[in-house]
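Please keep the sequence and structure in view while reading.

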Amino acid sequence: MYLAEGKNGRTDIDGVTANIDAAISKWDAYPASTISHHGSACCDIAREWITGFDFSQLNAGHPLTGPRWLRKLFKWGPMKWPIHWCEAVREKTLDCGALGALSHQLLLERGVRSFATQFILEFSDVSIRHWTASWGAAGCDPHWISDGLIYHEGCAVAVNDNELKLWDATATWWVNPRQFGGYAGVVAVRVFDPAPDAGTAFTWGEHRIPANTWHKLQRTPRHFRAANSEVKPSRKRRPRAVKKVAVSAVIA
């Protein structure tokens, strides 16, 4: 499942050729998704409600705890854009853009340095065909799918200066910076900083990611995964002690 870059920016992913550069070019002008506001009480109330609900679910926990409860409240799937706060809280299904935008805003409300984040992921042909059909049936354009790759959204949080953790709001996990390729592997990422310093770059594991620009990830070598996936020998179990039975009981 190791991804090796070839000519013209094309990469071989488990025998499937995907053009990362073409995908970046296609999605380069895409802004990070945002939840709109009507400028009236309807959206104020909705935003306050979902923020308050997040604090109740956090329950005095660590502010950097991922808001996993969103996926219990909303299914993932096709939806129509734009969407406002008062509409979002009434929906049963949200896509990755809406889930990422909500997670980003909730983390900001907690006082966390959060950044809207975009990903490009690789997936199998079976998944691609299924999602294309699902979005088409819902009357939504599957513009986020391209040549074995998909456009995806989440958010990032700063844990120490410019050191980041990346949150996948749809999968409800912190993305592993060690990427090996294969199903759901991250091939590129873009982190938005609304006011970056000159030459600002974030650190994510071993990766250095410049702000506001697509960054193709260098994959962790195959031998690293093999070395870290060896099965450790199990300990020998001690023989179970034989339970002693009182002689008087046996006689009885």
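A residue counts as buried when its relative accessible area is under 20%, as exposed when that area is over 50%, and as partly exposed in between. By this rule both aspartate 54 and arginine 110 are buried. The model is predicted.

**Overall make-up**
- The chain has eight helices and 14 strands.
- Of its 252 residues, 41% are buried.
- Taking contacts between residues at least 6 apart in sequence, 68% join residues at least 24 apart.

**Salt bridges**
- Four salt bridges are found in a search of the whole structure.
- Side chains of opposite charge can pair when their charged atoms come close.
- Aspartate 21 is partly exposed at 33% relative accessible area, and lysine 216 is partly exposed at 31%.
- Arginine 190 forms a salt bridge with aspartate 28, and their closest N and O atoms are 3.4 Å apart. Here the link runs from strand S11, which holds arginine 190, to the loop between H1 and helix H2 (41–58), which holds aspartate 28; the two residues are 162 apart. Arginine 190 counts as buried because its relative accessibility is 4%, whereas aspartate 28, at 42%, counts as partly exposed.

**Aspartate 168, a buried charge without a salt bridge**
- Aspartate 168 is found in strand S9 (residues 163–168).
- Aspartate 168 is buried yet has no salt bridge, and the nearest side chain of opposite charge, arginine 71, is 7.4 Å away. The cut-off for a salt bridge is 4 Å from a side-chain nitrogen to a carboxyl oxygen.
- The side chain of aspartate 168 makes a polar contact with the side chain of histidine 152 at 3.0 Å.
- The aspartate 168 side chain also reaches the backbone nitrogen of threonine 170, at 3.0 Å.
- Leaving out residues up to four places away in sequence, aspartate 168 touches His152, Trp173 and Val175.

- In soluble globular proteins, nonpolar side chains tend to be buried together.
- The largest nonpolar core has 34 residues, of which Ile120, Ile150, Leu164, Leu166 and Val191 touch the most other members. Elements giving two or more residues to this core include helix H1 (20–27), strand S6 (114–122), strand S8 (149–160) and strand S11 (186–191).
- A second, separate core has 24 residues, among them Ala46, Trp85, Val112 and Val157.
- Beyond residues up to four places away in sequence, the contacts of valine 191 include Phe115, Ala156, Leu164, Leu166, Phe202 and Ile209.

**Glycine 136**
- Glycine 136 lies in helix H6 (residues 125–137).
- Glycine 136 counts as partly exposed because its relative accessibility is 48%.
- The C-alpha atoms of glycine 136 and proline 78 are separated by 9.0 Å, and these residues are 58 apart along the chain.

Key. Residues numbered from 1 in each chain as written. Predicted model: local features only at pLDDT ≥ 70, side-chain atom pairs only at ≥ 80, totals over all residues. Heavy atoms only, no water. Helix = DSSP H or I, 4+ residues; strand = E, 2+ residues; numbered from the N terminus. Buried < 20%, exposed > 50% of the residue type's maximum accessible area, 1.4 Å probe, protein only. Contact = heavy atoms within 4.5 Å. Lys, Arg positive; Asp, Glu negative; His and termini not counted. Polar contact = N/O pair within 3.5 Å; in protein donor to acceptor, adjacent residues only side chain to side chain. Core = buried A, V, L, I, M, F, W, Y, C linked by side-chain atoms within 4.5 Å.
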